[in-house]
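Please look over the chain shown here with its secondary structure and its side-chain packing in mind. The report below takes up these topics in turn.

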Amino acid sequence: KPADIQQALTKLADDPQARLMLELLYAAGLRVSELTRLVPGQVDCERQFVRVLGKGQKERLVPLPAPTCQR
């Protein structure tokens, strides 16, 4: 539920890395396996997308929410 996610994000305010991970999982719809394989070069905050290598090694571009890139 959105309220549960907001509560979790609030609790993670002091841990920016954990907060970013939760935002990517929830808002960008990444799978845990995709998140754990991300490297900084795959995230493009200027154009607000992340390049994800998913199932079957298929690459896809996932839009990032604006607040995610502003951190």
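What follows describes a predicted model, beginning with the helices and then turning to the sheet and the nonpolar core.

Helix α1 (residues 2-11) and helix α2 (residues 16-26) have axes that come within 9 Å and cross at roughly 160°, which makes α1 roughly antiparallel to α2. The crossing in which α1 passes α2 is left-handed. On the α1 side the contact is made by P2, I5, A8, L9 and T10, while α2 contributes R19, L22, E23 and Y26.

The strands form an open sheet of three, in the order β1-β2-β3 and with antiparallel pairing. Because β1 and β3 stand at the edges, each with a single partner strand, one side of each is left without a neighbour in the sheet. Between β1 and β2, which run antiparallel, there are two bridges, and D44 stands opposite F49 in β2.

| Strand | Residues |
|---|---|
| β1 | 43-44 |
| β2 | 49-53 |
| β3 | 59-63 |

Which residues make up the largest nonpolar core? This core has 10 residues in all, namely L24, A28, L30, L35, L38, V50, V52, V62, L64 and C69. One of these core residues, V62, touches A28, L30, Q48, F49, V50 and V52 when residues up to four places away in sequence are not counted.

Technical notes. Residues are numbered from 1 along each chain as its sequence is written. This is a predicted model: local features need pLDDT of at least 70, side-chain atom pairs count only at pLDDT 80 or more; totals for chains, interfaces and linings use all residues. Side-chain values use heavy atoms; hydrogens and water are left out. Two strands pair if DSSP finds at least two bridges between them. Helices (H or I, at least four residues) and strands (E, at least two) are DSSP runs, numbered from the N terminus. A nonpolar core is a set of buried Ala, Val, Leu, Ile, Met, Phe, Trp, Tyr and Cys residues joined through side-chain atoms within 4.5 Å. Buried means under 20% relative accessible area, exposed over 50%, partly exposed in between (1.4 Å probe, protein chains only). Contact means heavy atoms within 4.5 Å. Axes are lines fitted to C-alpha atoms, for helices over the stretch in contact, and angles run from 0 to 180 degrees between N-to-C directions. Angles under 35 degrees count as roughly parallel, over 145 as roughly antiparallel, 65 to 115 as roughly perpendicular and the rest as oblique. A crossing is left-handed if the near helix is turned anticlockwise from the far one by less than a right angle, and right-handed if clockwise.
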